[in-house]
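This report walks through a protein chain by way of selected residues, its ring pairs, its nonpolar cores and some backbone features. The structure is shown first, and the reading follows.

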Amino acid sequence: MTHLPHLVTDLGLILGAAGLMTLIFKKLKQPLVLGYIIAGLLVGPHFSLFPTIIEIENINIWAEIGVIFLLFSLGLEFSFKKLVKVGGASSVMALIEVVVMLLLGYLTGKILGWSTMDSIFLGGILSISSTTIIIRAFDELGVKTQRFAGLVFGVLIVEDLVAILLMVLLSTLAVSQQFAGSEMLEAVLKLAFFLLLWFLGGIFLIPTFLRKASKLMNDETLLIVSLALCLLMVILAAQAGFSPALGAFIMGSILAETTKAEKIEHLISSVKDLFGAIFFVSVGILINPAMIVTYAGPIALITVVTLLGKALSITGGGLISGQGLKTSIQSGMSVSQIGEFSFIIATLGLTLKVTSDFLYPVAVAVSAITTFTTPYMIKLAEPLYRSVERVLPEKWQKSLNEYSSGTQTIGTTSDWKLVLKSYVINLVVYSVVIIGIVLLAARYLNPFITENVVNGNLGDIATTAVTLIFMAPFLWALAVHHPQKEAQGRIWANRNYRSLIIVLGFVRIAVAILFIGFLLNQFFSAQLAFLVGLVIMALMIVFSKRIQRFYIRIENRFVRNLNARELNEAAKMHHTLSPWDAHLSSFDILPDSVIVGKSLFDLQIREKYGINVAVIERGDRTIMAPTRNELVFPNDKLYVFGSDEQMEGFRQFIQTTIPAAANGEGEKEEVRLQKLQIKSTSALLHKSIRQSGVREKTKGLIVGVEKNGNRILNPDSELVFEEGDIVWIVGVPRRIKQLEGNTVEEVLQS
């Protein structure tokens, strides 16, 4: 008998249980994540009724791979440019929520008598909402087009980045086992440095690589290349001392800026679903039901803290950022759950062996309960708003409305603000790039040159020369480049401020010299490094024009790569006209929608629903400001402008499908090539094709006739049927049989 490895047996059990539970939970219309967790519980060591997983250690490896692909997928949906565009409102709401939930989680743990580390990890677990569950709930309830949904998506984007930061900080805290402020600050700065360095390098290299190799890439090669890039970044993150999941998230966010992002996301979805299922099943395997029964009280308390804390903190953040009472309450009621990142943080605590065994099943139980409550919380948002509005004094309502309107005013930006902002961005970006080049040269380039090319001081000199070539364009940009020339020129025109501009210029040059000294100090003495640094700076001034041309080429490529996807997605934006409750949103038109095939004039959308169709996106074509004669096609994407209430009415209208007729009209049926023989009793005898009514009765098409041994392809409509003729019809067999009883013979075409 052939021996089957336990890994294969365990994987079969996991996928079998997961497959069965997905069917059940699909039928019950419940989140699949809960089905996976229950599947893990059934095949885990604490449930003996079904076959049990033998080697849990191996499954943990599969689960870690699942986390990697889960975060890679989240990164593809994340995009750092989205974070920049999120705006102040979502950022304020997310940060307030995270801080409040960290404090509430910590205090709740302490009230329950838990250890400090358990309480800290509980705060981290409760602070991040579930992107997967919220998106699914929005889809099912049809509220994705409402204004508050855009704010919630912004909150989730900020939370994703905060979750990555939390993972790093909690890992640092777990290792040091003390609240050393210097170590925490070092961890944050190290994370920021590597995030920026990887993002800048990735945007410069990867989109260019994908663009040049696009002709060689089909779906298979693009999938393999994407997974390879993901795992290479995972290795790089592990080498830098970070979580492998962080590397996957970073690579996903880099690929999210490329024109291949949607394609990669589509190709990776099956891989993510497979390993994501394994991860969530492994979550269930680690649950001890007895532990949940024992900690039923703490689970109930933490659930209440989660529901109330998240709802109130997000609502408060929305009011502070001027989003109005209704939108704030709707946003707060939407994010009151925990999910995938909470599981990852809980797993991190177990892996590092710094949290108690009970924390993991408690987190899973709270997640399961809050997942069930999410749709009901969203539905209760509007009734709750109406109740609060009735109770709230009219004076307070007026003040809130005035505050909301006031926060939406457009401010002006001074020239000094533009110049100083550009200087700070340049200083941070180029400093990170230069330090990265120097560290790579010292760690990898110098050992390679001294071991394989030139030994001793000559090797150090060669390393320095090569490194300076790579550093030169960034040193020039740091010391000389003026990204805001016009604003700086207007400031220079005022004689009172010229001295400040000159001082800023000298500061930039001094920083560039310090970086040259930083490089030289890696291989030479400090005194020699300073003197050589001055000489190098002088040479850079001499060759300034050549370096400038080189830098401009680098900058142009980076900007082109960064904006490539955005240029390909014209009109894919969500705008809000504040303080009105009106915004731009998109709707996908299903093939069986009642509006398919009708013109905008026939539909009377503006007259019936009060909204305007601004853009129609059809495949790769974008129709701006469509005319009233424009037809709506299947799978079109309509960008419409209106309020939440108007959007809801329009959504219900377009989701109405064409009803199937009683005779089966409209149903999807199998179409085949059939032959029909004309007999003496046939109703078609001595009738022409036009008179026979075959097209009307069968919805089929006569494509050929065999008459007296002759074959007539695509016969004329005036051809008359005679006894013995064989008629070939493309249509549905059932309908053709109804035409001539049992005289039809099905012909299979090879």
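I96 is found in helix α5, and in this predicted model its relative accessible area of 25% makes the residue partly exposed. Leaving aside neighbours within four places in sequence, I96 is in contact with S313, G317 and I320. The C-alpha atoms of I96 and T315 are 9.9 Å apart in space, although 219 residues separate the two in sequence.

A second residue in helix α14, which covers residues 296–320, is T303. T303 is buried, with a relative accessible area of 7%, and, when residues up to four places away in sequence are not counted, T303 touches V366, I369 and T370.

At 1.5 Å a residue, a straight helix of 33 residues would span 48 Å, whereas the end C-alpha atoms of α17 are only 40 Å apart. A bend of about 40° is found in α17 at T374, and a proline, P375, follows within four residues.

Another partly exposed residue is L161, with a relative accessibility of 23%, and its place is in helix α8, residues 147–176. Between L161 and F249 the C-alpha separation is 9.4 Å, and the two lie 88 residues apart along the chain.

The accessibility values given for single residues can be set side by side.

| Residue | Relative accessible area | Class |
|---|---|---|
| F69 | 6% | buried |
| T303 | 7% | buried |
| F275 | 13% | buried |
| L161 | 23% | partly exposed |
| I96 | 25% | partly exposed |
| H686 | 54% | exposed |
| N714 | 56% | exposed |

How many aromatic pairs does a search of the whole structure find? The search finds eight. In one of them, the rings of F69 and F275 have centres 5.2 Å apart and planes at 40°, so this pair counts as tilted. Because F69 lies in helix α3 (residues 56–78) and F275 in helix α12 (residues 261–285), the pair ties together parts of the chain that are 206 residues apart in sequence. F69 is buried, with a relative accessible area of 6%, and F275 is buried as well, with 13%.

W114 and F358 form another tilted aromatic pair, with 4.8 Å from centre to centre and 55° between the planes.

Elsewhere, F587, Y609, F650 and F653 form one aromatic cluster. A ring also takes part in a contact of another kind, in which the charged end of R628 sits over the ring of F601, 4.8 Å from the centre of that ring.

The nonpolar interior can be described next. In soluble globular proteins, nonpolar side chains tend to be buried together. Here the largest nonpolar core has 145 residues, and L71, L255, F279 and F341 are those with the most contacts inside this core. The largest share of this core comes from α8, with 17 residues. F279, one of the residues with the most contacts inside the core, touches A63, G66, V67, L70, F343, I344 and T347, not counting residues up to four places away in sequence. Apart from this core lies another, of 18 residues, including I595, I623, V640 and F650; F650 also belongs to the aromatic cluster with F587, Y609 and F653.

Most residues other than glycine have a negative phi, and most peptide bonds are trans. H686, however, has a positive phi of about 65° although it is not a glycine, and its place is in the loop between β6 (672–677) and α28 (689–692). With a relative accessible area of 54%, H686 is exposed. N714, also a residue other than glycine, has a positive phi near 50°. N714 lies in the loop between β8 (710–713) and β9 (726–731), and its relative accessible area of 56% makes N714 exposed.

For the chain as a whole, the secondary structure comes to 30 helices and 10 strands. Of its 750 residues, 47% count as buried. Among contacts between residues at least 6 apart in sequence, 77% join residues at least 24 apart.

Terms used:
Residues numbered from 1 in each chain as written. Predicted model: local features only at pLDDT ≥ 70, side-chain atom pairs only at ≥ 80, totals over all residues. Heavy atoms only, no water. Phe/Tyr/Trp six-rings, centres within 6.5 Å; stacked < 30°, edge-to-face > 60°. Helix = DSSP H or I, 4+ residues; strand = E, 2+ residues; numbered from the N terminus. Buried < 20%, exposed > 50% of the residue type's maximum accessible area, 1.4 Å probe, protein only. Lys NZ or Arg CZ within 6 Å of the ring centre and 35° of its normal. Expected span 1.5 Å × (residues − 1). Bend = angle between axes of the 7 residues up to and from the residue. Contact = heavy atoms within 4.5 Å. Core = buried A, V, L, I, M, F, W, Y, C linked by side-chain atoms within 4.5 Å.
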